[in-house]
Amino acid sequence: MSKKVAVVTGANKGIGLAIVKGLCKAGFKGDILLTARNEKLGQEAIAGLQAEGCKNVIFHQLDICNQGSSLKLKKFLEEKYGGLDVLVNNAGMAFKNSATEPFGEQAEVTMRTNFWGTLWVCHALLPILRPNARVVNVSSFVSKKSIDQCNPELQAKFRNKDLSEEELCLLMGEFVHAAQTGDHTAQGWPNTAYGTTKIGVTVLSKIQARVFSETRPGDGILLNACCPGMVRTDMAGQNASKSPEEGAETPVYLAMLPEGAKEPHGQLVWDKTVQEW
Ligand code: NDP
């Protein structure tokens, strides 16, 4: 049997780095690919983890906004491992509250990383998932807060159980367009770029889970979105309540759901608990 392999995106620092460490400490049996867009930062992170006793961590470059980069990783996984067992889509970004870029620009840039980047990684890597694979899309509780701030029509669209990936992509595009023309609140969108991108990540996870249930029903694949909580990282600052290790607990729990587990699947999970959507 081929060796097992896990991939964590945006893992040179913050929650991603803590997820790699968490997988290692939880006894993931196989290689853990710490991926980062910056090779030097990724290699430095690997050196730190190896010094802490995590021997099964390997670096691979991945810029989630570069589709060619995802395809290179796919080729590497196919050639070296013959598939993929765990994918944690952690990489993400947010503008600071003090950012001076116009809202439309913030919406476009944040959407590109958090939604489109995550989607492109999934398009490359979901087709090579092995039976019993686990996928964790790091979203946020802000996605729940933000969907509740959408007008009823948008809420109904996002909560429609038959929404397709294509329809979701169109909605994300409509938000960015409305943000650029200054019409987003008039059209019923929340006044948050980050929050809307994370609605996209949570809803995408529900769609992907449904598609796996339909297309690979006997394969035991479990795919969920999660929130790590408020975590002390460069993104959230040092006043947040959780350490990166604590923030990694739920993503690691979902990535390590035992073989034979039937749930959670297609859920938004935080503090290891399924949340109402
Ligand atoms: P950080 O800013 O500390 O880390 C973000 C990571 O994502 C970095 O490694 C960064 O790389 C990477 N990244 C950004 N863009 C890309 C890209 N195009 N390709 C590859 N990697 C990229 O953030 P956190 O650790 O706090 O956040 C991790 C995830 O958790 C995010 O998805 C975030 O939205 C989510 N989250 C965080 C919360 C918090 O309180 N911290 C709360 C809820 C959700 P680089 O160093 O090169 O910039």
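Reply: Let us begin with residue classes: Ala, Val, Leu, Ile, Met, Phe, Trp, Tyr, Cys and Pro count as nonpolar, Asp, Glu, Lys and Arg as charged, and the others, Gly among them, as polar. In this structure, the shell around the ligand comprises 12 nonpolar, 10 polar and five charged residues. The model is predicted, so local features need pLDDT of at least 70 and side-chain atom pairs pLDDT 80 or more, whereas totals for chains, interfaces and linings use all residues. Residues are numbered from 1 along each chain as its sequence is written, and side-chain values use heavy atoms, with hydrogens and water left out.

Me: How many residues surround the ligand, and which are the closest?

Reply: A residue is near a molecule if one of its heavy atoms lies within 4 Å of it. Here 27 residues surround the ligand, and Asn12, Asn90, Tyr194, Val231 and Thr233 are the closest. Helix 1 (14–25) and helix 8 (193–215) each contribute at least two residues to this shell; helices are DSSP runs of H or I with at least four residues, strands are runs of E with at least two, and both are numbered from the N terminus.

Me: Which polar side-chain atoms and which backbone atoms lie by oxygen atoms of the ligand?

Reply: A polar contact is a pair of N or O atoms within 3.5 Å; within protein, one must be able to donate a hydrogen and the other to accept it, and residues adjacent in sequence count only if both atoms are side-chain atoms. An N or O atom in the side chain of tyrosine 194 is 2.6 Å from a ligand oxygen atom. For lysine 198, a polar side-chain atom lies 3.0 Å from an oxygen atom of the ligand, and for valine 231 a backbone N or O atom lies 2.7 Å from one. The protein covers 93% of the 900 Å² of accessible area that the ligand has on its own (Shrake-Rupley method, 1.4 Å probe; for residues, only the protein chains shown count as cover).

Me: In which pocket does the ligand sit?

Reply: Rolling a probe the size of a water molecule over the atoms shows where empty space is left. On a 1 Å grid over the protein atoms alone, a cavity is a set of points where a 1.4 Å probe fits but cannot get out, and a pocket is an open set with protein on both sides within 12 Å along at least five of seven lines; lining residues have an atom within 4 Å of a point. A molecule sits in one if more than half of its atoms lie within 2 Å of its grid points. The ligand sits in the largest pocket, which holds about 1,400 Å³ of space; grid points are joined across faces, edges and corners, and a volume is the space filled by probe spheres set on the points. Of the 45 residues that line the largest pocket, Gly92, Met93, Ala94, Tyr194 and Met235 are the closest to its centre. Helix 4 gives the most to this lining, with five residues.

Me: What volume does the largest cavity have, and which residues line it?

Reply: The largest cavity has a volume of about 30 Å³. Its lining consists of Asn89, Asn90, Ala91, Asn114, Thr118, Asn137, Val138, Lys198 and Val201. By class, these are three nonpolar, five polar and one charged.

Me: Which peptide bond is cis, and where is its proline?

Reply: Most residues other than glycine have a negative phi, and most peptide bonds are trans. The bond from glutamate 263 to proline 264 is cis, with omega near -5°. Proline 264 lies in the loop between helix 10 (249–255) and strand 7 (268–270).
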